[in-house]
Structures are given as structure tokens and as C-alpha cells.
Amino acid sequence: MMKPFPEVPMLSYDVVVIGGGPAGMASAIKAKELGLKVLLLDENDYLGGILPQCIHPGFGIHYFKEELTGPEFASRLAKRLVELGVEYRTSARVLEIRNYSDLEKFVLFTSPAGIYGVWAKAIIYAAGARERHAFEIGIVGDRVSGIYTAGEAQTLMDIYGVLPGKGIVIVGSGDVGLIMARRFSLEGAKVKAVIELMPYPGGLARNVMILRDFNIPLYLSHKVVEVRGKGRVERVKVVKVDKNLKEIPGSEFWIEADTLVISAGLVPAVKKLKKIGVEIDPATAGPVVNDRLETSVPGIFVAGNSLVINDLVDYVAEQGELAAEGAKEFIENSGTESRKWIKVERGENVRLVVPHYLSGERDVYLYLRVLKPMEDVELRIPEIGKRLKLLVVKPAEMIRLKLKAEEIRNAEKLTVEVTGA
Amino acid sequence: MRKTYRFTCIICPLGCSVEVEVEDGKVLEVRGHTCPRGKEWAVQEVISPKRVVMTVIPVENGALPTVSVKTSEPVPKEKIPELMRFLAGIKVKAPVNIGDVVAEWNGVKIVATRGA
């Protein structure tokens, strides 16, 4: 085998976990418990991913059976990680992943101690997601300071204690934007408006309530199209859209603000996986996976927001554990056994569903989102006669459905649909 | 005077649309809820809504410049601005452990949720 980077010190592990957020920590813990030699890498200088800056409660109700804040959730996992003696490195930035063969993976990373290469039999990729920025949602205008993504504003406020502005317009009514609306308001900034493109709010109901708590106007079916200011944001232009999301001429108005916060959704951060040929599902923007969360490149597993954008950290940690079980099985069997996979397909009103392929050998959770909000519906998988009544479905709220191995074992494929009952 | 309050219930993911009809501070009727917890929550929302409050406070000599804190119990909504003014005056020194009570306000404990 070719030896890359002869001058770089080499390490060797069973499995390398990339990303030290909830998915990565949960998978590293599980991998260690399963007896694997594991190394966890995170590019930040502390573990936890985005959790340490999510200081509001609402985490852990399923995973720890109690309600925690983000930093508390992260510290529980970090504590367990340290207790088990899982090796980890922070400020460790992965430059490259290479896939030489099924059991020969290579990861190159930089760290304060220098540059290293790691050989591993499997990789669990849990590097989270990135935020959509202003240019991606068509906002034009002056190049001014005072434009932040919601996550950047959150890091500034809730890690560094710096209020990003005094008069704030938030683009997008997803959870992060709404949670930041509360934090800005609590700290004395004026949130002038939340602007939402869709005709319904993007966040969980408990977060939409924040708007009423702080008398924040929500503009549904509106978009921010332009930012103006000299050096700093001074005003933003808002326009109404019709039901096809097209701008309505003459509906423009300006809001004075010194800060624009973009909360326009997350995209799985999978560039390094694409580079090694991992197949991506356009619906999730994350990898196509089987029921061990293994990607199309054998031995490369994925969990958390790199797999699919989740709304609950509990599911993220659950995916991390599953990926670790997959890695263990992969290493033990020296690869994935070839088998006939049961393909999971999107039916009516289903925007995305993971995993994409099931073995039928194990119970599995399907994670799915609908295209549009509906009431009194049925989730159906006609091939196996599965029917589940749901009172309300919303794109903002991920649906998690458990399927038993014996239910799906004999199916050729599964079509998941959410339709009127 | 009769007034109707409308909420989306946040007790569970169903998100029921609940209506509470109130006259002179008394609840006359609750509609739209599908469970007793939702009814209780909606009445509480009308009579005296409460929230857990979270913020960050500066920490000296910590790994990060702040520690995050929360109230140990939900506090009445109308008291939140007063509480925030109180919290704005607090500073702590490292070490701080998760669960440490860093201050107390009207009998409500202010608890560290991030160590330093």
C-alpha cells in the first residue's frame, strides 16, 4: 500500500470519530464501550459542538429522561467520555479523508501539537452542519458589518458575552432564529421583526411562543431582499411574496435596524465526504445511508446533522450510537456483507426520509419530514400495511418511526407517505 | 370584560390550538385541548405565565469569558425584566461547576449550567 505523507507522524486506531458534538461524543462513547480503540477529533477548542452555546432548556428529555440546557447535555457526554478514557483531541482540524480500501482509511489533521495522519478501519463522520448565509438566500446591497448567521450571533452572545446589536431583524423563523430572538430581547436588544418566507412559522411551537412573550412581529410570506448602510447595517428592505414565493411588486417596505441575523436553515457539512465519492441524497443534502448509518463508501459512517438536519439532540446522540454499532460490526466482519437491501422511498408529502436502505435484520428508526403542514393525516407504508394516525404534521417537526425487523424483513421496498386519513 | 386568548399548546408535539375564555380575571372556558396537561398549561398561561430564564454572566479566569446560568424554577413572566437587571450585575470567579448556585433572587436560585 502507498504510504502518504512520509514525514508526518502516524497514529493507528480502529475508528476515528470526526466531530466532538453530541453525535460524535455519543458514537465515541459507544465505540469505546464496544471495545474499539477510538480517537475523536474536533476542530473547536472545546467539546460539545454547538451545545455549549445553546443555553436554553429543552434538551435531553428522551436521551437522559430529564430536561437539560445545551451545556449540561454536552457536559454529561463529555464526562462519560473522559471516565471511559476515550482519546480525544480538540483544536484538531481534519484536512483530508482518504479511503484506500475497506479496512484502510486515512485521516490527516492539524493540531497545536503538529500535523498527524491516522490510520483507521472505520470512520464515523459527525461534523455537523453549516448555516445558510445571506448570499445564498438572495440578499443584496451594501457590504456592511452587522450581518450574522444565528449561530454566529449565538457564539458571540452566549460564549463571549457580546451583544451583536441593538435593533435586530431576523431572517427565518426556524428554531435557532426564534431562540436568538428570545436571547436578544432578554439582554435588552430590540428585535424589530422576524421575516419568514413560508406562510407558516419554521420552528417548533414552543419556540414560536417566544414571539408573543416579547411582542415581536412575525411577517409570514415575506423576505428580506436588500441591506443598506454606511459601514454598518442601517436598514433592510422587506417584500411580500405570493403563494408561489414570488415577490409582489409594490409591497416593499424598509425596517431600520443595525443588525441582520440570518436563520435560514442548516446544510449538512459533507464536503470532505463528497470528495471521496460518498453518494449524497439531494433531499437531505446528506449522505445516502443504510440502517447502520453507513454511507455508500464501505466503512464510512455518518451521524447527527451531517446525516440529516435534526431538531432534537436526543435523536442526534441516538444516531451516534447506531453509527458506532455499525462500525463495530463492520470491523468484526471485515466489511459489510453483501445483501439485498430494502430501499426506502419518499411518497406523497414526504420531503425526506433516512435511512435509505434497510437490511430487514434489525429494528430501525425512520426519521422523516413532511413537505407541508397537514392535520388529521395517516403515515402509511403500503408495502407492509403500516398505518399510523397523526393529528398534526409540520415540516419543522421531524417524525421518528420505529419499524421492527419482522415487519420489514420480506419487503422489496418501502414507500413512506403522509396523506389525508 | 370577556376576552379570548388563543395559544398553540407546547406541552407535546401535537401543538393543539387552545382557546381560553376569561372574564374579570376568571377562566370561563378552555377549548381545543386534547389532554388535561394542556388545559392546565393554558390556564396557567392566562392567569400567571412563567418561564425559565437563561443568560450568561462574566467569569474571571475561566476557560471561556462567560458561564451560562438558568433559574432553578420558572419565574413569573412580568418579573423577567427585573430579574435580568439583577443578573446583569453578577460576576463570578473560576472555578465554577455545573449546578453551582451563583446567586439567589427572591428565593429563586441562579444555577450555573456551564462550568468554568
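1. Which residues in H1(A) meet which residues in H2(A)? On the H1(A) side they are Pro22(A), Met25(A), Ala26(A), Ala28(A), Ile29(A) and Glu33(A). Across from them in H2(A) sit Phe73(A), Ala74(A), Leu77(A), Ala78(A), Arg80(A) and Leu81(A). Sorted by class, this contact has 10 nonpolar residues, no polar ones and two charged ones. Keep in mind while reading that this is a predicted model.

2. Now the geometry of that pair. Helix H1 of chain A covers residues 22-33 and helix H2 of chain A covers residues 70-83. Their axes come within 10 Å and cross at roughly 25 degrees. Angles under 35 degrees count as roughly parallel, so H1(A) and H2(A) are roughly parallel to each other. The crossing of H1(A) and H2(A) is left-handed.

3. Stepping back to chain A as a whole: its secondary structure comes to eight helices and 28 strands. The radius of gyration of chain A is 22 Å, close to the 22 Å that the globule rule gives for 421 residues, so chain A is as compact as a globular protein of that length.

4. One piece of chain A to look at is an open sheet of three strands, ordered S22-S24-S27, with antiparallel pairing. Strand S22 (350-354) and strand S27 (399-403) of chain A are the edge strands, each pairing on one side only. On average, and ignoring direction, neighbouring strands here are turned by 25 degrees against each other. S22(A) and strand S24 (residues 364-370) of chain A run antiparallel and are joined by four bridges. For a specific pair, Val350(A) has Val370(A) in S24(A) as its bridge partner. Helix H7 (residues 313-332) of chain A packs on this sheet, touching S24 and S27 of chain A, and its direction makes about 140 degrees with that of S24(A).

5. Chain B gives you an open sheet as well: three strands in the order S1-S2-S3, again with antiparallel pairing. Its edge strands are strand S1 (2-8) and strand S3 (26-31) of chain B, each of which pairs on one side only. From one strand to the next, the twist averages 25 degrees. Seven bridges link S1(B) with strand S2 (residues 17-23) of chain B, and the two run antiparallel. Here Arg6(B) finds its bridge partner in Glu19(B) of S2(B).

6. Last, the helix on that chain B sheet. Helix H1 (residues 36-47) of chain B lies across S1, S2 and S3 of chain B. The helix runs at about 125 degrees to S1(B).

Note on methods. Residues numbered from 1 in each chain as written. Chains lettered and ligands numbered in written order. Predicted model: local features only at pLDDT ≥ 70, side-chain atom pairs only at ≥ 80, totals over all residues. Heavy atoms only, no water. Axes fitted to C-alpha atoms, helices over the stretch in contact; angles between N-to-C directions. Parallel < 35°, antiparallel > 145°, perpendicular 65-115°, else oblique. Left-handed = near helix turned anticlockwise from the far one by under 90°. Contact = heavy atoms within 4.5 Å. Nonpolar A, V, L, I, M, F, W, Y, C, P; charged D, E, K, R; others polar. Pairing = 2+ DSSP bridges. Rg over C-alpha atoms; globule rule 2.2 N^0.38 Å.
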